[in-house]
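Work through the exercises below with the sequence and the structure at hand. Try each task before reading its solution.

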Amino acid sequence: GIEVSLNATPIQTKDFSWDINVNFSKNKNLLVELKEGLDQITLGGTSSIGFVARPGQELGLYEGVVTKTDPNGRIVVNASGLPTFKDTKEILGSSQNNFRIGGGTSLNYKNFRLHASFDYRNGGKMYSRTAEILYFTGNALPTTYNDRQPFIIPNSVQEVVGTDGKTTYVENTIAIAGFSNTMNQYYNQTYKTGGDSYVLIDKTFFKLRELSLSYSLPKSLLAGTFINNVDISLVGNNLFLWTPNSNLYGDPEQTTFGNDMAADFGDYGATPSTRSLGFNVKLGF
């Protein structure tokens, strides 16, 4: 792992100063080996998505069903035009961030101070029960694909086994029919063209952690009292959250799976994160 911090004051005058602090961290971990006879261990997960660790790879891997493809990477569909899936589960991604950047900046003018702190995390995946439920109810944006009209799954083929036993692949021309007949067709098949990976969202995010405006009362007003200083502040927390387009479902820091390694798995309908506005008064004696 590596961690680098930078603290700087680009401007410093009698009445004004500008302070900056930035922290960068990156960690790569590796599971070296397991007890003889074990090829992986379970860290948590659900009945559909596994959360595992394998020797030679980093901790916190997602394991699930993937679509069946031909040698050219095209999706293999069945006679109804729906995707088919491999018999064995595969690794769908990792819960580990690529890197993290945090920091803040302050502008100080006489007795006033404007401060902001931020946090950016890049990469990694998480399980989202929220995304899964939105797909199930048809409220997830991807479920509006093609205005919910019949369509042929892009880049798809059908598998043909000849009399000689050889398998060939031909372009798929079968459109998926209307969605009113079965929820299974609408939910479990049509939009799972990537297999179980549809419930894994990108953990990348940028947060404005805090924004505050403070004022320190002049020392002359406190003369002759037992109070040394008084700071009055307006404070906002979690005012802004940015996530990539692949995550339209929630805060990547949400978790309902505890405090240990299993917490990295994701959220199972966690309460949405909130922003807060308030003020505080600090007294120094």
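**Exercise 1.** Find how many bridges join strand β5 to β7, and state which way the two strands run.

*Solution.* The model is predicted. Step 1: locate β5 at residues 61-64. Step 2: count its bridges to β7; there are four, and the two strands run antiparallel. Step 3: take leucine 61 as an example; serine 94 is its bridge partner in β7.

**Exercise 2.** Give the order of the strands in the open sheet, and name the edge strands.

*Solution.* Step 1: the order is β3-β4-β5-β7, four strands with antiparallel pairing. Step 2: β3 (41-45) and β7 (90-94) each pair on one side only, which makes them the edge strands. Step 3: from one strand to the next, the twist averages 40 degrees.

**Exercise 3.** Explain which parts of the chain the salt bridge between glutamate 159 and lysine 68 ties together.

*Solution.* Step 1: the two side chains meet at 3.4 Å, N to O.

**Exercise 4.** Classify glutamate 253 and lysine 207 as buried, partly exposed or exposed.

*Solution.* Step 1: the side chains of these residues form a salt bridge (2.6 Å, N to O). Step 2: buried means under 20% relative accessible area. Step 3: lysine 207 has 5%, so lysine 207 is buried. Step 4: glutamate 253 has 30% and is therefore partly exposed. Step 5: both residues belong to a network of salt bridges that also links Asp119, Arg121, Arg209 and Asp251.

Note on methods:
Residues numbered from 1 in each chain as written. Predicted model: local features only at pLDDT ≥ 70, side-chain atom pairs only at ≥ 80, totals over all residues. Heavy atoms only, no water. Pairing = 2+ DSSP bridges. Axes fitted to C-alpha atoms, helices over the stretch in contact; angles between N-to-C directions. Salt bridge = Lys/Arg side-chain N within 4 Å of Asp/Glu carboxyl O. Buried < 20%, exposed > 50% of the residue type's maximum accessible area, 1.4 Å probe, protein only.
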